[in-house]
Amino acid sequence: MSSLSLAVRDSSTMLRRNLLHARRYPSLTLNLLLTPIMLLLLFVYVFGDTMSAGIGGGPDRSRYIAYLVPGLLLMTIGSTVIGTAVSVSTDMTEGIIARFRTMAIHRGSVLVGHVVGSVLQSVASVILVGAVAVAIGFRSTGAGVLEWLAALGLLVLFATALTWIAVGMGLVSPNAEAASNNAMPLILLPLLSSAFVPVDAMPGWLQPIAEYQPFTPAIETLRGLLLGSGIGHNGWLAVLWCLGLAVLGYFWSTAKFNRDPR
C-alpha cells in the first residue's frame, strides 16, 4: 500500500475509535451541549423582549431569536471542541499514545482522527441546537440553497479551525482538568462578541475586544447568510480567521505531538 493509502486507513481507524468513545461516554458532550441550549432558552424567554427593544427592534421576541441563533450556533462549536481538548489530553496522559508510537501506524492519524471526529460532533451539535431554535420560533428568511451551502461551509471551516486549536490545548495540558480550563476561552469569547448584542451597543472599551476576534466576523457572516442581511467585509474576515487559526493549530499540534515523549 502507498503511504497515502496507509494514512487514510489509519486515520479512518482512529476516527472510528473516537466516535465509539463519544457514543459510549456521551456525558461530556451532552454537558457541553447544554450550555448553548440553556443560553438560548434563557435569552429568548427571560430577556427576549428586553434585548429586542435594546437593539432597536421593539419588544419583539421573535426578532431577537433571529438575531441570537447564529451566534449560539457558533458558540455551540466552541463548546463542543472543549471535549476534544479533554479527549486529547486524556489520550496523552493515560499511555495509549505511547503504545500507538510502537505500532506500525501513520503518526499523524491519531490527530486526524480526533479532528475529523470533533468536526462531525460539532456539526451534529449545531444541528441539534438549530432544531431547538426552530422549535421555539427561529425562521431563516431570505436564505436560498446557495446561502445554506455557504452557511454549512462556514460552520465546517470554523469547526475545523477551533478543533485544531483545541487539539493543541489538549497536547500542552498536563491532565484533562487543565485541558478543560485551557480551552475555556473558546466558549467565553462568544460572550464578548456580537452574539447577543451589536458591537455598537457595547461600551467603548469593550468594542475593540468584540470586533477584533474570530467569533464576531463569523457570527455576522452566518447571520447575513441565514437572514438575508448584508455581510460586507465580514465574510472575508471570517474565512481569513478560520484559515489562520487552522494553520496555527495544525503546526502547533503536530510540532507538540511529534516532540512529546508521552
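**Notes on the helix packing**

Author: Arginine 223 is buried, with a relative accessible area of 5%. Keep in mind that this is a predicted model.

Reader: Which helix does arginine 223 lie in?

Author: Arginine 223 is part of helix H11.

Reader: And what does arginine 223 touch, not counting residues up to four places away in sequence?

Author: Tyr67, Pro70, Gly71, Ser194, Ala195, Gly228 and Ser229.

Reader: OK, H11 then. At what angle do H7 and H11 pack?

Author: About 160 degrees, with the axes 9 Å apart; H7 covers residues 145–172 and H11 covers residues 215–227. Angles over 145 degrees count as roughly antiparallel, and H7 and H11 are therefore roughly antiparallel to each other.

Reader: Which residues make that contact?

Author: From H7, Glu147, Trp148, Ala150, Ala151, Leu154, Leu155, Phe158 and Leu162. From H11, Phe215, Ala218, Thr221, Leu222, Leu225 and Leu226. By class, the contact of H7 with H11 has 12 nonpolar residues, one polar and one charged.

Reader: What about H11 and H12, how do their axes cross?

Author: At roughly 130 degrees, and the axes come within 8 Å. That makes H11 oblique to H12. H11 passes H12 in a left-handed crossing.

Reader: Which residues meet there?

Author: On the H11 side, Pro217, Ala218, Glu220 and Thr221; on the H12 side, Asn234, Gly235, Leu237, Ala238 and Trp241. The contact of H11 with H12 divides into five nonpolar, three polar and one charged.

Reader: Back to H7. How far apart are the axes of H6 and H7?

Author: 9 Å, and the two helices pack at an angle of about 130 degrees. That makes H6 oblique to H7.

Reader: Left-handed or right-handed crossing for H6 and H7?

Author: H6 passes H7 in a right-handed crossing. H6 contributes Leu111, His114, Val115, Ser118, Val119, Ser122, Val123 and Val126. H7 contributes Leu155, Val156, Ala159, Thr160, Thr163, Trp164, Val167 and Leu171. By class, the contact of H6 with H7 has 11 nonpolar, five polar and no charged residues.

Reader: Switching to the largest nonpolar core. Which residues touch the most other members?

Author: Leu74, Ile77 and Phe196, out of 65 residues in that core. The elements that give two or more residues to this core are helices H2 (27–45), H4 (61–93), H5 (96–101), H6 (109–135), H7, H9 (185–188), H11 and H12 (234–259).

Reader: Which of them gives the most to this core?

Author: H4, with 15 residues.

Reader: You mentioned Phe196. What does phenylalanine 196 touch, not counting residues up to four places away in sequence?

Author: Leu39, Phe43, Met51, Tyr64, Tyr67, Leu68, Leu72, Met75, Pro190 and Leu191. Tyr67 is also one of the residues that arginine 223 touches.

Reader: Last one, alanine 179. Buried or exposed?

Author: Buried, with a relative accessible area of 0%. Alanine 179 is found in helix H8, residues 176–182.

Reader: What is alanine 179 in contact with, leaving aside its neighbours within four places in sequence?

Author: Ala85, Val86, Ser89, Gly170 and Ser173.

Reader: And how many Å separate the C-alpha atoms of alanine 179 and valine 81?

Author: They are separated by 11 Å, and the two residues are 98 residues apart along the chain.

Technical notes:
Residues numbered from 1 in each chain as written. Predicted model: local features only at pLDDT ≥ 70, side-chain atom pairs only at ≥ 80, totals over all residues. Heavy atoms only, no water. Axes fitted to C-alpha atoms, helices over the stretch in contact; angles between N-to-C directions. Helix = DSSP H or I, 4+ residues; strand = E, 2+ residues; numbered from the N terminus. Parallel < 35°, antiparallel > 145°, perpendicular 65-115°, else oblique. Contact = heavy atoms within 4.5 Å. Nonpolar A, V, L, I, M, F, W, Y, C, P; charged D, E, K, R; others polar. Buried < 20%, exposed > 50% of the residue type's maximum accessible area, 1.4 Å probe, protein only. Core = buried A, V, L, I, M, F, W, Y, C linked by side-chain atoms within 4.5 Å. Left-handed = near helix turned anticlockwise from the far one by under 90°.
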